[in-house]
Structure formats: C-alpha cells, structure tokens
Amino acid sequence: MAVDVMKELMRLDKYLTEMGQGTRSQIKEMARKGRITVNSVTEKKSDRKISPSSDVVAVDGRIVAYAEYEYYMLHKPEGVVSATEDRRHRTVLDLITGRMRDDLFPVGRLDIDTEGLLLITNDGDLAHRLLSPKKHVDKVYYAKIEGMLPEDAKERMAAGLTLSDGTETLPADLEIVRRGGGCGELFEIRLTIHEGKFHQVKRMFETLGCHVVYLKRLSMGTLTLDETLKPGEYRPLTREELELLNKTDQEQE
C-alpha cells in the first residue's frame with residue numbers, strides 16, 4: 001500500500017503548474033506570500049508532496065482541482081489556427097476557456113479556412129495512435145467543389161491519386177452528395193480518407209482539376225462532430241465517446 005501511495009504523490013508546484021497557475025518560480029513566490037493552502041492550511045513550501053486524488057489545493061481561496069487528462073470536442077471555425085500559440089491569429093486553444101490544464105493541444109490540424117471536428121487533449125498517447133499513418137484512422141469531410149468533377153472521379157479516388165508533387169495517397173471513398181457544374185453551381189461531396197497529409201483534401205481535388213471552396217471535417221475514427229455545436233463551441237467528450245475512440249484506435253491496423 002505504501003508503494004501505491006508514493007506513486008500518486010506529486011510536488012505542489014508541479015500540480016499547480018500543470019493546472020495553469022503559473023511557472024514553478026511563480027508558484028514558489030505565491031507560496032512564500034501565503035497565497036496557497038493545502039487542506040485549508042497555508043503551505044509555504046512549494047516542493048511539498050501532495051496527493052492529487054485526496055488533498056484539496058487552493059490559490060487565493062479558490063480551489064484548483066486536478067485533472068490528469070482532458071478531452072474536448074471542438075467545432076473549429078474558419079479564421080482560427082490549429083496551433084497552441086500564434087502571434088497573428090487566434091488559436092483553437094483560445095476557444096477552450098473552461099480548460100483546467102495548461103498543456104492541451106489539437107490532435108492533427110485543420111487549415112485556417114477549414115472548419116469542423118477537432119479533438120483537443122493533452123493525451124499524447126491517444127493523439128499518436130490516432131495520427132499514426134499505420135493506423136489508417138478514417139477522417140470524413142464534407143466539401144463544396146468548384147469546377148467539373150471527372151466522370152471517373154470516384155474510381156480514381158478509390159484507386160489512390162498521385163498529387164502534383166508526386167505524393168501518392170491511399171485509396172479514398174468519394175460520395176457525390178449534390179452534382180453541380182452548371183451555371184456556376186458547386187458540387188457537394190463527402191470524402192473519406194485514411195491519412196492526413198498536408199492540405200490533402202484540397203490537393204486531391206486539384207489533381208482532378210477542381211477547387212475546394214468550402215471544407216468541413218465531420219468525423220475522425222468513431223468521433224463524430226456534435227451537430228448541436230456551433231462553430232467556435234466545444235464540449236468535453238462523453239465517457240462513451242472516449243471509450244469508443246480508444247477501443248477503435250487500438251484495433252485499427
């Protein structure tokens with residue numbers, strides 16, 4: 001039992017740093033000034049070992065709860081970059097205002113002008129498995145296409161394309177939702193790919209002589225965008241969503 005207890009102990013400054021309360025030096029200064037309590041008792045030693053599961057930590061009287069991992073489904077809007085920080089644009093992390101941890105990141109990237117499903121987490125193992133080329137995790141997109149799709153577009157997608165720079169893509173499933181091409185009408189399509197190369201969907205349609213004017217990711221593996229989320233909105237994953245995501249990505253080869 002003693003070994004288990006020791007395994008779960010954590011330095012107070014590490015606990016508060018992971019929860020976004022400041023750097024270790026800032027936490028040390030906060031403790032020196034008596035701003036931190038553990039179980040309602042002022043704690044001035046920031047290197048003290050505490051139990052995240054049982055000790056109650058507060059800063060300036062406000063309880064700071066601990067979460068080892070967080071998982072959010074975000075409906076990424078256009079105009080926001082899929083990055084943890086950016087000097088010119090708002091990032092997807094700027095939208096997650098209710099987060100507890102300070103080490104979240106987007107799983108994969110959507111272009112600044114692309115919207116749709118984006119998983120935000122700090123679970124590096126899950127992210128690696130979802131993004132690993134060996135896993136071939138399905139990613140489904142809805143797009144509006146300008147130009148005339150070739151008659152054999154579905155067959156060419158299914159066979160795998162060679163992009164303009166020589167990059168070869170895995171076979172993809174193309175579904176034409178609405179045919180356009182007349183009087184400036186747009187094609188509406190649904191495309192399922194099994195990898196995530198740079199600007200892949202746009203480049204695939206460019207290879208077919210078309211131009212993507214609107215792109216939205218609908219799903220990634222078993223995780224499907226919640227239709228009630230408006231662009232810019234997010235929510236935590238449900239237990240079922242997380243279990244299915246873990247189960248599926250572990251089974252994919």
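Reader: Hi! What do the buried residues of α3 pack against?
Author: The buried residues of α3 pack against α2 (12–18), β2 and β5 (57–59). This is a predicted model, where local features need pLDDT of at least 70 and side-chain atom pairs count only at pLDDT 80 or more, while totals for chains, interfaces and linings use all residues. Residues are numbered from 1 along each chain as its sequence is written, and side-chain values use heavy atoms, with hydrogens and water left out.

Reader: OK, and what do those words mean: buried, exposed, contact, helix?
Author: Buried is under 20% relative accessible area, exposed is over 50%, and partly exposed is in between (1.4 Å probe, protein chains only). Contact means heavy atoms within 4.5 Å. Helices (H or I, at least four residues) and strands (E, at least two) are DSSP runs, numbered from the N terminus.

Reader: Which residues of α3 are buried?
Author: In helix α3 (residues 24–32), they are Ile27, Met30 and Ala31. Looking down the axis, these buried residues fall within an arc of 100 degrees, so they line one face of the helix. That arc is taken from the directions from the helix axis to the C-beta atoms.

Reader: And which exposed residues are on the face turned away?
Author: Ser25, Lys28 and Arg32 sit on that face of α3. Just after the helix comes Gly34, with a positive phi of about 80 degrees.

Reader: You mentioned a positive phi. Which residue has one of about 55 degrees although it is not a glycine?
Author: That's Asn39. It is in the loop between β2 (36–38) and β3 (41–42) and is partly exposed at 37% relative accessible area. Ser40 is in the loop between β2 and β3 as well, with a positive phi of about 70 degrees, and it is not a glycine. Ser40 is exposed, at 71% relative accessible area.

Reader: New topic! How many aromatic pairs are there?
Author: Rings of Phe, Tyr and Trp (its six-membered ring) pair if their centres lie within 6.5 Å; planes under 30 degrees apart are stacked, over 60 edge-to-face, and the rest tilted. By this rule the count is 4 aromatic pairs. In one of them, Tyr72 and Tyr234 have ring centres 5.6 Å apart and planes at 85 degrees, so the pair is edge-to-face.

Reader: Where in the chain are those two?
Author: Tyr72 is in strand β7 (residues 71–76) and Tyr234 in strand β15 (residues 234–236), 162 residues apart, which links distant parts of the chain. Tyr72 is buried at 6% relative accessible area, whereas Tyr234 is partly exposed at 23%.
Author: Another edge-to-face pair is Tyr142 with Tyr214, with centres 6.1 Å apart and planes at 70 degrees. Tyr142 is in strand β10 (residues 139–146) and Tyr214 in strand β13 (residues 211–220), so this pair ties together parts 72 residues apart in sequence.

Reader: What sits over the ring of Tyr214?
Author: The charged end of Lys144 does, 5.6 Å from the ring centre. To count, NZ of Lys or CZ of Arg must be within 6 Å of the ring centre and within 35 degrees of the ring normal.

Reader: Back to β7. Is Lys76 buried or exposed?
Author: Lys76 lies in strand β7 and is buried, at 0% relative accessibility. Beyond neighbours within four places in sequence, its contacts include Ser82, Val92, Leu110 and Asp111.

Reader: Last one: which residues touch the most other members of the largest nonpolar core?
Author: A nonpolar core is a set of buried Ala, Val, Leu, Ile, Met, Phe, Trp, Tyr and Cys residues joined through side-chain atoms within 4.5 Å. The largest has 32 residues, and Ile120, Ile189, Leu191 and Phe205 touch the most other members. Among the elements giving two or more residues to this core are β7, β10 and β12 (187–193), and β12 gives the most, with 4 residues. Apart from this core lies another, of 15 residues, including Val107 and Leu130.
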